[in-house]
Amino acid sequence: MMRILITGASSGIGLQLARDYLAQGHQVWACGRDAARLAPLQAQGATLLCFDGRDAAACHQAAEGVPALDLAILNAGTCEYLDHARAFDGALFARVIETNLIATGQVLAAFLPRLVRGGRLALVSSSVTWLPLPRAEAYGASKAALDYLAASLRLDLAREGIAVTLVRPGFVATPLTARNDFPMPGLLTVEQAARRIRHGLARGQLEVQFPRRLIWPLRLLGALPSGLWLRLCRFLVPIKDSTP
Ligand SMILES: NC(=O)c1ccc[n+]([C@@H]2O[C@H](COP(=O)([O-])OP(=O)(O)OC[C@H]3O[C@@H](n4cnc5c(N)ncnc54)[C@H](OP(=O)(O)O)[C@@H]3O)[C@@H](O)[C@H]2O)c1
């Protein structure tokens, strides 16, 4: 039986992970901002922690009641696209960076001391970081920062006996992607995504990325010279008219 913390457990991938781990008999601390959205997990046996990851004091307060953890999955996140790059929306950019990156730092500060030697930290990034995509300036930058954060933390936490896994999902059908107005190749269900994440973590993988049919094309295109991708992108990725 593992003691598992999951952020962003009120919806989508985090909710499915929490359900699956509870069904397997693990002890789960389910985090989110909205108690009502988390409530069904309490009925399944989870302990609920309601806090906003951007609020350092709230993170520390939430961590006070949490004992030792074997696994922490920092999954909470948001996605907003920039529609008009030239009329750069600084507020949107700040919102996405604060939720996906700064809040991750606040949660790490509060909960990392709870992870036991032999434990594992998982950061949920995105397959977007394989390839720069139009309109993804804020989301992609926040997730690229998480990639580096995970890679750097892995080196430092190895000395403490804590492993770090970077999770980079492709498209998964959740409320976050329900807003997307473009084709989502390789779209998975939350059940499929959660299964791949759980299996990858159980195997001790340093990186969990899926599905292959999306990841490999992204990796290949991402390896092209920037000028070639600039020319190819307009044929491969439909870009909306960005005139404000
Ligand atoms: N779905 C995909 O295709 C996809 C692909 C790649 C990566 N991802 C990543 O996977 C993670 C989960 O995405 P999802 O699709 O499952 O999204 P989702 O259904 O929208 O769930 C997002 C979760 O994050 C929580 N959250 C958002 N802002 C928060 C904040 N400030 N403080 C605390 N919790 C906050 C939400 O909780 P409350 O709003 O209830 O507080 C919710 O539980 C995200 O990091 C996302 O970037 C998703």
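**A loop and its surroundings**

Modeller: Start with Ser 127. Apart from neighbours up to four places away in sequence, Ser 127 is in contact with Arg 168, Pro 169, Gly 170, Leu 214, Ile 215 and Leu 218. Contact means heavy atoms within 4.5 Å. Ser 127 sits in the loop between strand E5 (115-124) and H5. Helices (H or I, at least four residues) and strands (E, at least two) are DSSP runs, numbered from the N terminus. Ser 127 counts as buried because its relative accessibility is 6%. Buried means under 20% relative accessible area, exposed over 50%, and partly exposed in between, with a 1.4 Å probe and protein chains only.

A word on the source. This is a predicted model, with residues numbered from 1 along each chain as its sequence is written. Local features need pLDDT of at least 70 and side-chain atom pairs 80 or more, while totals for chains, interfaces and linings use all residues; side-chain values use heavy atoms, and hydrogens and water are left out.

Arg 135 is not a glycine, yet its phi is positive, near 70 degrees. Most residues other than glycine have a negative phi, and most peptide bonds are trans.

Now look at a peptide bond. The one from Phe 210 to Pro 211 is cis, with omega near -10 degrees. Pro 211 belongs to the loop between strand E7 (207-210) and H8.

Next comes helix H8 itself, residues 212-222, which holds Arg 219. With a relative accessible area of 30%, Arg 219 is partly exposed. Beyond residues up to four places away in sequence, Arg 219 touches Trp 130 and Gln 209.

Follow the chain back to helix H4 (residues 90-111), where Leu 101 has its place. Leu 101 has 23% relative accessibility, so it counts as partly exposed. Leaving out residues up to four places away, Leu 101 touches Val 96, Ala 145 and Leu 146. The C-alpha atoms of Leu 101 and Ser 125 are 9.9 Å apart, although 24 residues separate them in sequence.

Now move to the ligand. Of the 30 residues around the ligand, Ser 10, Ser 11, Tyr 139, Val 172 and Thr 174 come nearest. Here a residue is near if one of its heavy atoms lies within 4 Å. By class, this shell has eleven nonpolar, 14 polar and five charged residues. Ala, Val, Leu, Ile, Met, Phe, Trp, Tyr, Cys and Pro count as nonpolar, Asp, Glu, Lys and Arg as charged, and the others, Gly among them, as polar.

A polar side-chain atom of Arg 37 is 2.8 Å from a ligand oxygen. A polar backbone atom of Gly 77 lies 3.3 Å from a ligand oxygen. For a side-chain N or O atom of Tyr 139, the distance to a ligand oxygen is 2.7 Å. Taken alone, the ligand exposes 880 Å², and the protein buries 93% of that. Such areas come from the Shrake-Rupley method with a 1.4 Å probe; for residues, only the protein chains shown count as cover. Helix H1 (12-23), helix H5 (137-158) and helix H6 (175-178) each give two or more residues to the shell. H6 gives the largest share, three residues.

Beyond H6 runs the loop to helix H7 (190-202), and Asn 180 is found there. Asn 180 counts as buried because its relative accessibility is 15%. Not counting residues up to four places away, Asn 180 touches Tyr 81 and Phe 171.

Helix H2 (residues 35-43) has a cap. A side-chain oxygen of Asp 34 lies 2.9 Å from the backbone nitrogen of Ala 36, at the N-terminal end of H2. Just after H2, Gly 45 has a positive phi of about 110 degrees.

Finally, step back. The chain has nine helices and seven strands. Buried residues make up 45% of its 244 residues.

Technical notes
Polar contact = N/O pair within 3.5 Å; in protein donor to acceptor, adjacent residues only side chain to side chain.
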